[in-house]
Amino acid sequence: MIKLISFKNCPFVQRVMGALVMKKVPFEIEYIELNNKPQWFLDISPNGQVPVLVTEDDTVLFESDAIVEYLDDKYAPIEEVTAEQKALDRAWSYQASKHYMPQCGTMGSKDKDTFDTRLANLQKAFLKAENKLGDTQFFKGNYISNVDIAWLPLLHRASVIKERSGFDMLEGFPKVQAWQSALIKSGLTEKTVPQDFVEKFSGFYLTNTYLASLAEAH
Ligand SMILES: N[C@@H](CCC(=O)N[C@@H](CS)C(=O)NCC(=O)O)C(=O)O
């Protein structure tokens, strides 16, 4: 069976899990701690990062973009699209994944000025999506596509922060907010994180940060 090596708070892992879940590909998952990477992980991982996916023939894959593309090549893609549409889908997915770390940095900001500066940068991504979204439930229609899966970690994390601190990173982006609600309602958010995700995630980003001070007052 496919094995996914993961870290509980990792957005890149959540995207890969989204692809696996949507394709109904069975997999097992092993979580590691990144501040104490086990030697067996360092031995197999070329860049020392998660996600790592060990295929059924024991090939070790790394880099989430490559893994998601592999899953499309190996298993049935969610939808058949033209080469042009595939390029567009990848480009819109990249608009999300390149903001995973900036979102982590924003949430981890220690003071309001740093938070505001980082948030303004992050919100440029949400504005791009807002301008592109139509009136459908999801990015490309009333079904979950690869683009939705790529945006899932950003939108899911924004929802946990809102719930816990009252702060909405998506304020002013009504279409993105509706898209976020549709993704949560679909159940994909829960299926792509560990059971203790909210606890682990909040423990990290809502402790000793600017957002923590908002959460205390919430
Ligand atoms: N470009 C990589 C980024 C993955 C990444 O940054 N993973 C983080 C966790 S979210 C990691 O493993 N960090 C540990 C490290 O860099 O040593 C991908 O798309 O898979």
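Biologist: In this predicted model, how much area is buried between domain 1 and domain 2?

Modeller: About 1,800 Å² is buried between domain 1 and domain 2. Carbon and sulfur atoms give 61% of that area.

Biologist: What makes that a buried area?

Modeller: The term covers accessible area that two parts lose on being put together, so the value is summed over both parts.

Biologist: Where do the two domains run in the chain?

Modeller: Domain 1 spans 2-74, and domain 2 spans 83-216. Their C-alpha centres lie 21 Å apart.

Biologist: How many residues are in contact across the two domains?

Modeller: On the domain 1 side there are 16, against 25 residues of domain 2. The cut-off for contact is heavy atoms within 4.5 Å.

Biologist: Why is the pair R90 and E69 called a salt bridge?

Modeller: The closest N and O atoms of R90 and E69 are 3.5 Å apart. The limit is 4 Å between a Lys or Arg side-chain nitrogen and an Asp or Glu carboxyl oxygen, so this Arg-Glu pair qualifies. Between domain 1 and domain 2 the count is 2 salt bridges.

Biologist: And how many residue pairs are in polar contact between the domains?

Modeller: The count is 8, with both residues at pLDDT 80 or more.

Biologist: Which helices each supply at least two residues of the side of domain 1 that touches domain 2?

Modeller: They are α1 (11-23) and α3 (64-74). Helix α1 gives the most, with 9 residues.

Biologist: How do the residues of that side divide?

Modeller: There are 8 nonpolar, 3 polar and 5 charged residues on the side of domain 1 that touches domain 2.

Conventions. Residues numbered from 1 in each chain as written. Predicted model: local features only at pLDDT ≥ 70, side-chain atom pairs only at ≥ 80, totals over all residues. Heavy atoms only, no water. Domains from an automatic or database assignment. Buried area = accessible area lost by both parts, 1.4 Å probe. Polar contact = N/O pair within 3.5 Å; in protein donor to acceptor, adjacent residues only side chain to side chain. Helix = DSSP H or I, 4+ residues; strand = E, 2+ residues; numbered from the N terminus. Nonpolar A, V, L, I, M, F, W, Y, C, P; charged D, E, K, R; others polar.
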